[in-house]
Amino acid sequence: MNSENFRIFRKQRSEKIRNLPMNATTLPEALKLMQYIGDAIGTIRDPQELFRTVTDKLRLIFPFDSAVIITLDRDRRHVSVFFEMLRFELPEELRVQKRSIVGTWLESHLDDRAVTVATIARDIPSFGQGDAPLLWTLHELGMRQIVLSPLRSGGRVIGFLNFVSKEEEAWSESDESLLAGVSSSIAIAVSNALAYEELRQREAETAMQLAINNALFTIKDRSQMLLTVCEQISRLVPCSFLGIRVVGHDGRYRIFDNFMREPGQSFAPFSPLEQLEMSVDDPVARESVEVISRPGVYSGERFEELCREFRLVGMVRERFGVSSSIIVQLWDLPGSRAGLIISGIGVALGEEELATVRLIVPQLALALQNYLAFDEIDRLRRKLEGERTYLVEEIREAHNFEEIVGQSAPLAEVLRRVSQVAPTDATVLIEGETGTGKELVARAIHNRSPRKERVLVRVNCAALPASLIESELFGHEKGSFTGAVERRIGKFELADGGTIFLDEIGELPLELQSKLLRVLQEKELERIGGRRVIPVDARVIAATNRDLEKEVAAGRFREDLYFRLNAFPLALPPLRERRDDIPVLAMHFARKFAREFGKPERAIRERDMRELISRDWRGNIRELSHCIEQAVIVSEGEMLDFTTALPPRSEKREPSAPSAIMTMAEFEEESRSMERKLILDALDRAGGRVSGAGGAAELLKINAKTLYSRIEKLGIRKRYDGG
């Protein structure tokens, strides 16, 4: 059957159905059709398949060549094509899926309840100007009649069912009434489909927001972060270009990021200025700074006006084919403005796309502001590190921390092991008697390591009360305990990227040893009163004058912590085992203190040097240093005077006869020497502090004033070199 015969058959059948009598014994085919439509609405889920099926059935009753369902948006100012079954091809420029109805013939039918039948040739003069091109085109394609049936839901028109026919058909009141009844069922289906589409759109928008929010706060690289934003936005907005603009107080761009997607490809960074062979300082580019101050939707004539106002926009349109844009302001603050530009190629972006884009503006603005803040913090950090490096170099020159004096075999072995372990990140445990130079060796390891440009933080575990050492090491939050009036960064955090030197590790309270072990194992910590886990990357060098193996056996030191610290043991020999280094050390200290005190450099008599070499030096290098220091201070002749600086030797003698006893003078001198050594050891443990918690007076269990008096009486200067 050819198309003309089918048209005649359909017309005759439609007239027969429409003219059937409605009585109680005969169920008209029209009512069967309405029942069929109702069943289809309840069983067919896909809207396009549903309306194709319904349209095919409608052809059996109503005469038409093509059918279109259009829907109104919320503000009833625009209509969109919801479904179409056309038997003709419209020109590309007229195939607009969404168009304004302001000033058109549809505007007067927004509250209709009845079906409208219009003849195109006769009624075109009365149509609005916006309809004329479309209706004239339909007339040129041979269409003669349009039937408009309102789709009502919830007491208002939500759209229209339209029939377009080549012939002017006569529609009776019963025909129109029948179509109105059928339209009521179709309106239910359209309303359900619109509700479902709105729900799907909201879910898609929520998914987009979550995905973008996750990207904004997990992806650190700005370019990768914005690429993810592009991909997510393009799922809901038909865009091919995204640009971020941040302008500083001087009117120059702080951020000028651009991303574009070629057909069939993903978004990728690109530079429109490079392709246009211009720089950001070009006058054409500089004038476009003001674009971000013009938020809104630019499509059609508005986009043409934007191109005429900003030459760069016009050049981009010509070069890349951009046809519409959405401009959203991210922030406008004193000294800083920012905007988001989204553009489409071959599409007309509208208010719905703008509403979708606005959903991500708060998160995007916050992420960019955080990025700029972190960028500024990083710039200041690098500046501070440069200043710190300069100060560290000055300190190194002033104190010569890297110079370890001596040439003896035991010292050479120590330095060999230092050179082996320094380039690694291994934990080092330095063991040695008080005054053997443990801190000096720790500094040498740090200064020869890859971390030498970062800080070395020293913590004396013996000089801090047990109640404060946890806060000192790991930090605390404001209000975490009485007296915590502000947040404090712990020594481990300060040492991040550098080295932490835990001196006198054997004095660390047992309850804190487990927390230290966790930091060493997990490389993370929590401040006192804090909930956030803070990663730390600090090399650990520990030192002790105790025998930690005995401490472990006695239950005063954790075995697992000992094994963790003892990854690379380094034993420092006492000074009595490296006597060959004493002359060199003595002359080194003599020159050092002479320069420091503004004294002339004086030589050491041979007999005094022999005496220095022969001594056991229980206080090791520190005791020798104090001895030379005092000699430099009191000497007035050409040679250093050790009369008072070098106390008489206290030796254990085998009695030659039962009658040989120690004289009172010898006893007093030995007592004075022992008292001096005891005070020096206490001061060393207290880090040089006399009074207060953890001070030498507390360790010796005497009054601080009494200790000050004895220090003055024994001629002990309040100067204590580390090591």
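Predicted model: local features only at pLDDT ≥ 70, side-chain atom pairs only at ≥ 80, totals over all residues.

Several pairings can be followed residue by residue. Strand β7 (residues 241–248) pairs with strand β12 (residues 336–345) in the antiparallel sense over 8 bridges, and the bridge partner of Val246 is Ala338 in β12. The antiparallel pairing of β11 and β12 extends over 10 bridges, with Val322 opposite Ile345 in β12. The hairpin of these two strands, β11 and β12, has 2 residues between the strands, and Gly335 in this hairpin takes a positive phi near 90°.

In helix α11 (residues 311–320), the buried residues are Leu312, Val313, Gly314, Val316 and Phe320. Their cover includes the strands β8 (253–261), β11 and β12, together with the helices α8, α9 (283–287) and α10. After α11 comes Gly321, which has a positive phi near 80°.

## A helix pair

Elsewhere in the chain, helix α3 (residues 47–58) packs with helix α6 (residues 173–218) at an angle of about 170°, and their axes are 11 Å apart. That angle makes α3 roughly antiparallel to α6, because angles over 145 degrees are classed in this way.

On the α3 side, the contact consists of Pro47, Leu50, Phe51, Val54 and Leu58; these meet Val182, Ile186, Ala189, Val190 and Ala193 in α6. By class, the contact has 10 nonpolar residues, with no polar and no charged ones.

## Aromatic pairs

A pair of aromatic rings is described by the distance of the centres and the angle of the planes. The model has 12 aromatic pairs. In one of them, the rings of Phe270 and Phe320 have centres 5.5 Å apart and planes at 85°, so the pair is edge-to-face. This pair links distant parts of the chain, 50 residues apart: Phe270 is in the loop between β9 and α8 (272–275), whereas Phe320 is in helix α11. Phe270 counts as buried because its relative accessibility is 16%, and Phe320 likewise counts as buried, at 12%.

The rings of Phe593 and Phe597 have centres 5.9 Å apart and planes at 10°, so this pair is stacked. Phe593 and Phe597 are 4 residues apart in helix α21 (residues 582–597) and are therefore separated by about one helical turn. Phe593 is buried, with a relative accessible area of 0%, while Phe597 is partly exposed, with a relative accessible area of 27%. Ring pairs also link Phe62, Phe64, Phe163 and Trp171 into a cluster.

Technical notes
Residues numbered from 1 in each chain as written. Heavy atoms only, no water. Axes fitted to C-alpha atoms, helices over the stretch in contact; angles between N-to-C directions. Parallel < 35°, antiparallel > 145°, perpendicular 65-115°, else oblique. Contact = heavy atoms within 4.5 Å. Nonpolar A, V, L, I, M, F, W, Y, C, P; charged D, E, K, R; others polar. Pairing = 2+ DSSP bridges. Phe/Tyr/Trp six-rings, centres within 6.5 Å; stacked < 30°, edge-to-face > 60°. Buried < 20%, exposed > 50% of the residue type's maximum accessible area, 1.4 Å probe, protein only.
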